[in-house]
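Please read the following as a guided walk through the structure shown here, taking the parts of one chain before turning to the meeting of two chains.

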Amino acid sequence: MDMELIQQIRGKARSLLEEGTVEGVIGYERAGDGVTSRPLFAYDSSAAERLIFDDTCTHNLVKYLLGKRGKKMAVMVKPCDSRAINLLLNERQIDRDKVFIIGVGCPGVVETEWNHKSETLQARCRSCLLTKPLVYDVLLGRELARKAEEETYSDILEAEAESVVSRREFWREQFSRCIRCYACRQVCPGCYCPVCFAEQLEPLWVGIRIAPEENTLWQTIRTFHLAGRCIGCNECERVCPVDIPLSLLNRKLEKDVKELFAFQAGLDPEEPPPFATFRKEEMPELGE
Amino acid sequence: MNLFISKDDLIRWLELLLRERIIIAPIRVQGQTMFQPISKVEEIMFDFDNTALSSKGWFLPPTETLFSVRRDDGQIKLMPATVERDAIIFGIRPCDARGIALMDGPFLQVPSDTLYQERRNRTTIIGLACRQAQPECFCTSMGSAPDDPSHVDILLTEVKDGYIVQVVTEKGKALLPKGWAKYKRKMPTPPQLKTVPTKGIVSAIREFFNDPYWERLADRCLHCNICAYVCPTCYCFDVRDYPDKGKVERVRSWESCQSPGFSLTAGGYDPRTTKGERLRQRFYHKLLYFPERFQEVACVGCGRCGKACPVNIDIREVISDLHQLAEAKSGS
């Protein structure tokens with residue numbers, strides 16, 4: 001653990017709370033297992049003393065800002081998480097004035113599960129192109145070198161090379177394991193509909209059956225709703241209790257949107273997102 | 001009566017049983033251990049920590065049709081769902097078996113849940129004692145033990161060269177072939193577990209219904225349904241009718257008190273709108289409401305919820321916190 005960085009984080013949180021700049025600081029603390037970390041909401045300076053940061057701090061805390069709308073909150077963001085801030089600013093879901101962003105330099109986070117920490121960096125970190133958060137009020141820790149030179153989407157190219165039949169089989173098997181716990185939705189900073197289509201009764205989009213067909217419908221619509229919006233934090237895949245490789249779906253759409261619209265979510269808070277705008281020249285064969 | 005069988009004999013016996021019955025056993029699916037119907041005995045995992053999901057799904061499936069209604073020649077016909085075959089659920093840990101016994105409370109009280117009762121009647125439970133405890137285990141604090149035979153029909157305990165077979169019920173006895181040797185040596189010592197201070201928790205939790213503790217704890221809760229779905233004793237469900245060309249199916253699926261809309265009533269009123277109220281319901285049901293009605297805490301100490309929670313909400317920590325709150329209150 002980088003104690004110097006942790007002291008800086010605690011100091012900043014303390015001063016933000018003591019000066020009344022924010023009502024609370026959303027950061028990380030050591031989990032009950034003594035090995036991994038978990039989100040911490042610090043509302044006073046004594047709680048701020050529990051804040052930590054290390055390579056187990058995988059959670060994208062930006063999600064929690066949606067539940068604290070209207071309150072002045074500080075939040076710790078890693079470079080990847082900062083894209084979620086831009087997404088929510090872009091979609092007018094959070095008020096920049098209400099959020100104090102504590103950016104942290106991040107050497108990458110490792111694969112963790114309860115009571116266990118591996119030495120392996122998460123796949124998303126191995127291909128991370130960011131060296132520091134894209135948006136912040138204060139930056140703590142060092143700006144680090146890029147971990148990859150470019151995004152190659154090698155996993156997606158590999159999946160795309162499979163036949164339609166084998167892809168269909170693959171996803172059928174994956175979705176048959178889905179238990180519709182909705183953890184993928186609940187953890188996602190881009191999922192904030194007041195009533196999710198999955199819970200809507202009139203009209204009924206998807207039924208309650210926890211069965212391959214309805215699970216497939218749920219996962220397909222979930223993925224499409226995130227097209228051009230997923231910021232790649234991959235929290236959905238991390239929290240899935242039955243290990244469905246959701247990154248393959250999200251990254252496939254990220255790649256498509258990049259190719260079709262030259263757009264990647266969360267890089268800029270002002271650039272109009274492709275599915276919220278209509279530009280005739282983008283798709284000349286449509287609407288002529 | 002304790003018997004002994006070699007691993008080879010156990011496999012041969014299971015092969016015989018599989019000819020006439022469905023066997024549900026822990027098998028490896030995409031890197032996870034899950035209870036599923038097997039097609040071959042070789043699929044069974046004999047050596048595993050515990051399954052990712054509990055075995056409750058056999059008795060209360062994630063989704064099932066309760067009955068269907070069809071219009072036929074001007075007549076309305078009601079067709080209840082039935083259980084087709086006898087089944088064996090093999091490899092249940094004692095904690096999960098206790099989970100089934102706890103679910104019996106709400107499902108078998110009069111009037112009983114027909115489908116649950118039928119599955120229960122037609123299923124024989126073969127348990128597998130735990131020779132090792134996992135870091136998440138705390139069954140001994142919740143009224144069970146790694147070698148507890150109370151809620152199974154047969155309990156197997158792995159020893160060198162084979163298994164000790166404890167025949168617990170008549171239903172279990174009916175499955176046994178003749179000629180297995182008696183096991184006369186003493187039973188192996190079960191593993192030791194860390195304890196959780198469950199004593200007095202039912203009266204302790206009662207005092208803190210309006211405590212800000214729940215809102216604070218719920219701050220980090222994502223309100224997904226993982227804890228409820230991996231839990232051997234969470235049994236809430238949703239019911240919906242599926243109409244389809246002159247036929248209606250009534251379907252029930254797992255549901256959880258954490259999901260939005262769970263407590264939404266006709267007219268739009270929701271008695272539990274805040275995050276804290278929703279999370280509190282989970283622990284109040286397990287630690288107060290269930291014990292008030294069925295005399296037992298609705299937790300078996302399998303530790304799945306704490307292990308699977310993406311933000312480390314752990315019932316053991318909640319129990320300790322409540323004791324601390326109670327101490328602080330009595331001291332003040």
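In chain A, the domain assignment, whose bounds come from an automatic or database source, gives domain 1 (3-140) and domain 2 (154-281). This is a predicted model, in which local features need pLDDT of at least 70 and side-chain atom pairs count only at pLDDT 80 or more, while totals for chains, interfaces and linings use all residues. Residues are numbered from 1 along each chain as its sequence is written, chains are lettered from A and ligands numbered from 1 in the order in which they are written, and side-chain values use heavy atoms, with hydrogens and water left out.

The centres of domain 1 of chain A and domain 2 of chain A, taken over C-alpha atoms, are separated by 24 Å. Where these domains are in contact (heavy atoms within 4.5 Å), 19 residues of domain 1 of chain A face 27 residues of domain 2 of chain A. Between them the two domains bury about 1,900 Å², 48% of it on carbon and sulfur atoms, buried area being the accessible area (1.4 Å probe) that two parts lose on being put together, summed over both. Of the area that domain 1 of chain A buries against domain 2 of chain A, K63(A), R83(A) and N90(A) supply 33%, more than any other three residues.

R83(A) also takes part in a salt bridge with E254(A), with the closest N and O atoms 3.8 Å apart; a salt bridge here is a side-chain nitrogen of Lys or Arg within 4 Å of a carboxyl oxygen of Asp or Glu. Across the interface of domain 1 of chain A and domain 2 of chain A, the rule finds three salt bridges.

Chain B and chain A bury about 3,100 Å² between them, with 59% of it on carbon and sulfur atoms. The rule finds three salt bridges across the interface of chain B and chain A, and the side chains of D219(B) and K68(A) meet in a salt bridge at 2.8 Å, N to O.
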